[in-house]
Amino acid sequence: MSTKAWKAPALATASLFAAGALAAWPHISAAPAAPAIYHAPRQALSPNTAPKPNSIQAYSSSWIGIDGFNNSDLIQTGTEQDYVNGHAQYDAWWEILPAPETVISSMTIAPGDHMSAHIHNNGNGTWTITLTDVTRNETFSTTQSYSGPGSSAEWIQEAPQIGGRIATLANYGETTFDPGTVNGGNPGLTMSDAGYMVQNNAVVSVPSAPDSDTDGFNVAYGSNQPSPPAS
């Protein structure tokens, strides 16, 4: 698997404040990395993401989600940062597997925007997904039926699935994921909760250690580990 992630058990809600999201905790020695998250990566639907033949393209997706770590259920929301046909493009989206993603066309996403995401269990078989572009003061919210067990939370930076294949990860630079909450409280992130991302036998995305209050981290494109954010 090329996708690893932070996780937290037994959650009902998850939130973040970040310009992006996570790839995973680095352990670049020969020792095994953390377990993979087994879910189908987000599949982009934006017509602008269709690559032309022989064009250079790379994709990155930043999101929070509930479930998906040890089951096939998943409710998620986030942003994508892609380079397709010579142009960078940015979108916000939400998704509940097995349905494909829904692009949030009412939001305009730009590099460096601070995003706040929240997924809340309403307790009656419905969940509310809220995504806010704090920089632009734009908010989207939708309430949807969801029957997953709510057994894990994820904070993910990944390469999405495009045309049936995992795409090449775009160079997203460095982003911050802070603070994150689970069930309204501190997730208590630890080294064992994360992994790094590998494509073509090379490390392509590495998170920092958790910050001092264990609710956030930085993540960087490439194989060098960034420093954690200030708490």
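Which residues do ring pairs link into a cluster? They are Trp155, Phe177 and Phe217. I will come back to two of those. Keep in mind that this is a predicted model.

I will start with strand E3, residues 57-66. Of its 10 residues, 9 are buried, so the rest of the structure largely encloses this strand. E3 has pairing partners. With strand E4, residues 75-84, E3 forms 10 bridges in the antiparallel sense. In that pairing, serine 60 sits opposite glutamine 81 of E4. E3 is also joined to strand E10, residues 152-158, again antiparallel, by 6 bridges. There, tryptophan 63 is across from isoleucine 156 of E10.

Now the aromatics. Searching the whole structure gives 4 aromatic pairs. One of them is tryptophan 127 with tyrosine 146, edge-to-face, with 5.4 Å centre to centre and 85 degrees between the planes. This pair links distant parts of the chain, 19 residues apart: tryptophan 127 is in strand E8, and tyrosine 146 is in the loop between strand E9 and E10. Both residues are buried, tryptophan 127 with a relative accessible area of 3% and tyrosine 146 at 7% relative accessibility.

Next, tryptophan 155 and phenylalanine 177. Their ring centres are 6.2 Å apart and the planes stand at 75 degrees, so this pair is edge-to-face. Tryptophan 155 belongs to strand E10 and phenylalanine 177 to strand E13, residues 174-177, so the contact ties together parts 22 residues apart in sequence. Tryptophan 155 is buried, at 2% relative accessible area, and phenylalanine 177 is buried too, at 1%.

That returns us to the opening cluster, where ring pairs link Trp155 and Phe177 with Phe217.

Note on methods: Residues numbered from 1 in each chain as written. Predicted model: local features only at pLDDT ≥ 70, side-chain atom pairs only at ≥ 80, totals over all residues. Heavy atoms only, no water. Buried < 20%, exposed > 50% of the residue type's maximum accessible area, 1.4 Å probe, protein only. Helix = DSSP H or I, 4+ residues; strand = E, 2+ residues; numbered from the N terminus. Pairing = 2+ DSSP bridges. Phe/Tyr/Trp six-rings, centres within 6.5 Å; stacked < 30°, edge-to-face > 60°.
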